[in-house]
Amino acid sequence: MNVVIVGYGMAGARLAAELHARDGDRKVTVLGAEPHRAYNRIMLSTLLAGKIDEPDVELAEVAGQGVDVRTGVAVTAIDRTAREVRTADGDRHGYDHLVLATGSRAVVPPLPGLDPLPERVVPFRTLDDCRRILAAARDARSALVLGGGLLGLEAARGLAARGLDVTVVHPMPWLMERQLDPAAGTVLASTLAGLGVRTALAVPAVAVAADRDRIRLDLADGRSLTADLLVLSCGVRPDTALAADAGLAVDRGVVVDDRMRTSDRRISAIGDCAQHDGTLTGLVAPAWAQARVVADVLAGADPLARYQPRPAVTRLKAAGIDLAAMGDATDAAPADATDAATPVEELTFADPARGTYARLRIRDERLTGAILLGDNPAVGMVVQLFDRGAPVPADRRSLLLGRAFGATPAAPAASPALMPDAATVCQCNDVSKGALVACWRSGARTVAELSAGTRAATGCGGCRDAVAGIADWLAEADPVAAR
């Protein structure tokens, strides 16, 4: 079988690796428009902050042994009749099965002054974007970030960590409005202010003006802000042009079924460009789960494999900020008509002076949503309860405050020994504590070896401390094997 993958981002690279790991007689060709090897897009904000270097964001190479990776190759058309794709350099690549992993593109708002983009105005989406921002930041003293969502805040914190005076401009009344409620947004803005990031909220930008050295951002309330650099973080849009031009069913993304097949059964789509059951993901964990499904189907390991979405957990990766948001914890969350008669428990705790906020939504003794901002030792327990749909403890305060009260405490496990083997440690790769223990027993002895053997901590990196804790526990609990 000849498999062609269009896109060498996190989804396309993972699919190539999954196919490489499975037996079978097949040739896999990966065509990536970017000129680099695949990299971890989630870690670009950490690169921007100077905490890691470029080699640290590179993903493991998958070329060789039946996998042909070609970078800097843009696919321009799909010929479904001839079953081939055409590239900008005139090449044609035939396929038995085609997989679209084209990802998404940064949205550039239609503001006067942004067409064409001035030199010191940069969207934040790709490695090349990150390089341009870093180049501009070397001789900059101030920066504006347009967009107060997850990626915009990570960019702002990264630039502030480099010593720049940073202001985030966001048209909504509070930050990260898709994941947070107003109270959490207020606490987050205060935390950011203490870290050197100011915010201008509830005010749209109306125009951009640029000269050689400065950028001016005009706001709807009549104010104008100036800086040496403007970073655009105004959302992304699935890259569906190839699919649409080929006549595939496209809505907001490329429409796929439970097996990730498009309206043409010889073509699949995964990752940011795919729309499953009316939903776009934009997150790495679903993209990697979709890659596993397609690999199972194509390799014959499980021809009936189905993609089953799991509850998403959002983590903000910014130094000095601990934030986890999941489910329907925002005020804007729509009520489920089927559960309208079921009472919903709402629990909140706020300590703005310490940058702490917690909100839980509970229905039928299960968490349906949560926001945890600031230092809360219960965050691991909350994520596990949400992910597994497990009953919450009788003492809810143990989840809000990270400590239990009364005679029936239910605090999070103080030691990995108390964690069940089924507990998910790495959300991105769906790696359980049991899988890490099995990997240890197979010979892995360091965090790096556990990550290589299970892929834990290779996504957003948020579970690295947990993996390290399990490695330390195993070394102490099994000293003979650790030698």
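Biologist: Leaving out residues up to four places away in sequence, which residues does Ser268 touch?

Modeller: Keep in mind that this is a predicted model. Ser268 belongs to strand 19, residues 267–269. Setting aside residues up to four places away in sequence, Ser268 touches His97, Leu98, Val99, Leu100, Met260, Arg261, Thr262 and Val294.

Biologist: Does Ser268 count as buried or exposed, and at what relative accessibility?

Modeller: The cut-off for buried is under 20% relative accessible area. Ser268 counts as buried because its relative accessibility is 2%.

Biologist: Over to Arg396: is it buried or exposed?

Modeller: Arg396 sits in the loop between helix 8 (379–388) and helix 9 (397–401). Its relative accessible area is 11%, and the limit for buried is under 20%. So Arg396 is buried.

Biologist: And what side chain does the side chain of Arg396 make a polar contact with?

Modeller: Leaving out neighbours within four places in sequence, Arg396 is in contact with Glu345, Leu347, Leu360, Ile362 and Glu365. The polar contact, at 2.7 Å, runs from the side chain of Arg396 to the side chain of Glu345.

Biologist: How many aromatic pairs does the structure hold?

Modeller: Rings of Phe, Tyr and Trp pair if their centres lie within 6.5 Å. By that count, the number of aromatic pairs in the structure is zero.

Biologist: What about charges over rings: which ring does the charged end of Arg14 sit over?

Modeller: There's Arg445, which lies over the face of Trp440 at 4.4 Å from the ring centre. As for Arg14, its charged end is 3.8 Å from the centre of the ring of Trp288.

Biologist: Which residues are the closest to the centre of the second largest pocket?

Modeller: That second largest pocket holds about 580 Å³ of space. It is lined by 28 residues, and the closest to its centre are Arg14, Glu58, Leu59, Ala60 and Thr458.

Biologist: Which element gives the largest share of the lining of the second largest pocket?

Modeller: Two elements give two or more residues to that lining, namely helix 1 (10–20) and helix 11 (447–454). The largest share, five residues, comes from helix 1.

Biologist: Where does Asp364 lie, and is it buried or exposed?

Modeller: Asp364 is placed in the loop between strand 25 (356–363) and strand 26 (366–373). With 53% relative accessibility against a cut-off of over 50%, Asp364 counts as exposed.

Biologist: What phi does Arg455 have?

Modeller: Most residues other than glycine have a negative phi. Arg455, in the loop between helix 11 and helix 12 (464–477), is not a glycine, yet its phi is positive, at about 75°.

Biologist: Is the peptide bond from Asp115 to Pro116 cis or trans?

Modeller: Most peptide bonds are trans. Pro116 is in the loop between strand 8 (104–106) and strand 9 (121–123). For the bond from Asp115 to Pro116, omega is near 5°, making it cis.

Biologist: Which residue caps the N-terminal end of helix 3?

Modeller: Helix 3 spans residues 127–137, and its buried residues include Leu127, Cys130 and Ile133. Helix 2 (44–48), strand 9, helix 4 (150–161) and strand 16 (229–232) are among what covers the buried residues of helix 3. At the N-terminal end, a side-chain oxygen lies 3.4 Å from the backbone nitrogen of Asp128, and the residue providing this cap is Thr126.

Biologist: Last one: how far apart in space are Leu201 and Ala33, C-alpha to C-alpha?

Modeller: Leu201 is part of strand 12, residues 197–201, and is partly exposed at 27% relative accessible area. Leu201 and Ala33 are 168 residues apart in sequence, and their C-alpha to C-alpha distance is 36 Å.

Notes: Residues numbered from 1 in each chain as written. Predicted model: local features only at pLDDT ≥ 70, side-chain atom pairs only at ≥ 80, totals over all residues. Heavy atoms only, no water. Helix = DSSP H or I, 4+ residues; strand = E, 2+ residues; numbered from the N terminus. Buried < 20%, exposed > 50% of the residue type's maximum accessible area, 1.4 Å probe, protein only. Polar contact = N/O pair within 3.5 Å; in protein donor to acceptor, adjacent residues only side chain to side chain. Contact = heavy atoms within 4.5 Å. Phe/Tyr/Trp six-rings, centres within 6.5 Å; stacked < 30°, edge-to-face > 60°. Lys NZ or Arg CZ within 6 Å of the ring centre and 35° of its normal. 1 Å grid on protein atoms, 1.4 Å probe; cavity = no way out; pocket = protein on both sides within 12 Å on 5 of 7 lines; lining within 4 Å. Points joined across faces, edges and corners; volume = space filled by probe spheres on them.
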